[in-house]
Amino acid sequence: MDQRLFYLLNMARQRVYNVADQRTESALGISVTQLGALFLIGENEGCLLKEVARGLHLNNSALTGLTGRMAQNGLIERRPCEQDKRATRLYLTELGRSRIDAARPLVRQFNDALSDGFSDAEMQVILRFLNRLVNEF
């Protein structure tokens with residue numbers, strides 16, 4: 001068994017991301033990154049562009065392109081911030097909301113597949129490890 005932790009994390013992230021992206025593209029017609037943005041915007045309707053960039057760990061230029069495509073495809077609306085006209089606020093459209101609703105079973109299936117074969121105790125260790133990485137690195 002390979003024990004190169006950093007290598008394994010990198011390979012696992014890439015494979016999981018690719019599979020998730022293929023599944024969301026096939027089932028929903030959107031990328032996994034767009035789905036992540038929809039979930040973030042849905043949880044914080046009217047959020048600023050920079051808040052979504054922070055939540056997705058994307059730079060502002062990458063997020064500008066992403067949200068431009070999402071707006072063009074009718075998933076979100078971009079509106080100027082009333083307090084700061086230079087800033088942009090993001091809102092879901094009905095189509096965007098419907099993609100979130102359609103994604104919930106897909107996300108559940110994906111999480112089930114990731115945890116398949118692990119006991120509850122093992123899952124607690126995995127979740128503790130992953131949360132530690134997210135919060136401390």
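## A loop residue, a sheet and a helix crossing

In this predicted model, His 57 has a relative accessibility of 72%, and because values over 50% are classed as exposed, His 57 counts as exposed. His 57 sits in the loop between helix H3 (49-56) and helix H4 (60-72), and although it is not a glycine, its phi is positive, at about 60 degrees.

The sheet is an open one, formed by 3 strands in the order S1-S3-S2 with antiparallel pairing. Strand S1 (47-48) and strand S2 (76-80) are the edge strands, each pairing on one side only. Between S2 and strand S3 (residues 88-92) the antiparallel pairing extends over 5 bridges, and Pro 80 has Thr 88 in S3 as its bridge partner. H2 packs on this sheet, where it touches S1, S2 and S3, and the direction of H2 makes about 95 degrees with that of S3.

Helix H2 also meets helix H5, and the axes of the two come within 10 Å. Their crossing angle is roughly 110 degrees, and since angles of 65 to 115 degrees are classed as roughly perpendicular, H2 and H5 are therefore roughly perpendicular to each other. The crossing of H2 and H5 is left-handed. The residues that meet are listed by helix below.

| Helix | Residues in the contact |
|---|---|
| H2 (residues 32-43) | Leu 35, Leu 38, Phe 39 |
| H5 (residues 94-115) | Gly 96, Arg 99, Ile 100, Ala 103, Arg 104, Val 107 |

The residues of this contact between H2 and H5 divide into 6 nonpolar, 1 polar and 2 charged.

Notes:
Residues numbered from 1 in each chain as written. Predicted model: local features only at pLDDT ≥ 70, side-chain atom pairs only at ≥ 80, totals over all residues. Heavy atoms only, no water. Axes fitted to C-alpha atoms, helices over the stretch in contact; angles between N-to-C directions. Helix = DSSP H or I, 4+ residues; strand = E, 2+ residues; numbered from the N terminus. Parallel < 35°, antiparallel > 145°, perpendicular 65-115°, else oblique. Left-handed = near helix turned anticlockwise from the far one by under 90°. Contact = heavy atoms within 4.5 Å. Nonpolar A, V, L, I, M, F, W, Y, C, P; charged D, E, K, R; others polar. Buried < 20%, exposed > 50% of the residue type's maximum accessible area, 1.4 Å probe, protein only. Pairing = 2+ DSSP bridges.
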